[in-house]
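Dear colleague,

I am handing over to you the structure shown below.

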Amino acid sequence: MTEKVNFPAQALFRWFAPGVSPPSCNSFQVNIQVIGAGFGRTGTLSLKLALQQLGYGPCLHMSDFAADPRLCQSWLQGLAAEAPDWKQLVGQYTSLVDWPGCLFVEQLLRQAPTARVIFTERDFDGWYQSVSETVFPALRWAQLVSDEKAPHFIHLAKKVIADKTFVGKFDRESASGLYYAHRNHIVGLVPAEQLLLFDVREGWEPLCEFLQCEVPKGNFPRENAAREFFGMLGRMRGKRKLKGK
């Protein structure tokens with residue numbers, strides 16, 4: 001079941017600075033209004049399309065990195081810094097979902113303390129089966145590509161998914177532990193009025209209620225990133241073979 005409450009504008013700022021008039025959203029360091037805290041393969045591509053339809057676009061998703069080597073390079077360099085420049089990394093994006101943003105919710109909230117956080121829920125069994133059929137095979141293949149020959153997207157996937165998320169452990173028990181640990185971390189980190197636990201199968205109503213906007217006409221986006229994911233992986237493998245790498 002989706003958990004939701006209405007979000008009072010700029011309430012979090014008043015927690016940190018009682019008695020002080022909160023600044024406008026534009027005065028914060030980044031313009032992020034919505035942060036997606038759920039891992040990839042939990043409905044994040046559908047959420048990206050929904051947010052953009054509701055006016056929270058452009059929305060950054062891992063699929064954007066697959067299509068933009070410069071974006072990958074920018075984030076790789078930024079995350080390697082002792083203090084990442086989140087304003088530079090986020091750029092023109094109004095929302096972000098999926099990897100890598102879901103791993104940096106705490107840091108992003110420091111930059112945009114009034115941002116609303118959406119945690120996309122999916123039952124663990126369904127999620128683990130999905131990542132086992134898509135993400136894990138890609139990461140295993142990526143390990144076979146030498147660092148000096150790998151495209152920037154592969155480097156980013158290794159860094160944020162294989163290393164930072166799964167810590168190199170893809171077995172069911174390890175994945176279950178990190179999956180629920182991440183959920184518990186988000187629930188404990190984000191004030192309840194600022195957080196939506198959202199199953200994309202529930203459609204527009206809970207999302208629009210949380211964001212306080214009208215429900216659009218038409219169906220909620222039902223996109224599956226698997227086709228795009230395998231297409232991207234196939235193209236990368238093809239390039240390696242053509243180059244003899």
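Among contacts in the protein between residues at least 6 apart in sequence, what percentage join residues at least 24 apart? The share is 75%, where a contact means heavy atoms within 4.5 Å.

Some notes on the basis of this description come next. The model is predicted, so local features need pLDDT of at least 70 and side-chain atom pairs count only at pLDDT 80 or more, while totals for chains, interfaces and linings use all residues. Residues are numbered from 1 along each chain as its sequence is written, and side-chain values use heavy atoms, with hydrogens and water left out.

Overall composition

The protein has 12 helices and 5 strands. These elements are DSSP runs numbered from the N terminus, with helices (H or I) of at least four residues and strands (E) of at least two. Of its 245 residues, 52% count as buried; buried means under 20% relative accessible area, exposed over 50%, and partly exposed in between, with a 1.4 Å probe and protein chains only.

The sheet

The 5 strands form an open sheet with parallel pairing, in the order β2-β3-β1-β4-β5. Two strands are taken to pair if DSSP finds at least two bridges between them. At the edges are β2 (59-60) and β5 (195-198), each of which pairs on one side only. Strand β4 (residues 116-120) is joined to β5 in the parallel sense over 4 bridges. Within this pairing, F119 has L197 as its bridge partner in β5, and T120 stands opposite F198. From β5, L195 and L197 point one way and L196 and F198 the other, and all are buried.

Helix α2 and its neighbours

Helix α2 (residues 44-53) lies across β1 (34-36), β2, β3 (95-96), β4 and β5, and runs at about 145° to β4. Axes are lines fitted to C-alpha atoms, for helices over the stretch in contact, and angles run from 0 to 180 degrees between N-to-C directions. The axes of α2 and helix α11 (residues 204-211) come within 12 Å and cross at roughly 50°. The two helices are therefore oblique to each other; angles under 35 degrees count as roughly parallel, over 145 as roughly antiparallel, 65 to 115 as roughly perpendicular and the rest as oblique. On the α2 side the contact is made by L47, A50, L51 and Q53, and on the α11 side by W204, L207 and L211. By class, this contact has 6 nonpolar, 1 polar and no charged residues. Here Ala, Val, Leu, Ile, Met, Phe, Trp, Tyr, Cys and Pro count as nonpolar, Asp, Glu, Lys and Arg as charged, and the others, Gly among them, as polar.

Helices α7 and α10

Helix α7 (residues 124-133) packs against helix α10 (residues 172-189) at an angle of about 120°, with the axes 11 Å apart. That angle makes α7 oblique to α10. F124, D125, W127 and Y128 in α7 meet R172, A175, S176, Y179 and Y180 in α10. The residues of this contact divide into 6 nonpolar, 1 polar and 2 charged.

Residue S63

S63 lies in helix α3 (residues 62-66). Why does S63 count as buried? Its relative accessible area is 16%. The C-alpha atoms of S63 and W99 are separated by 9.2 Å, and the two residues are 36 apart along the chain.

With kind regards
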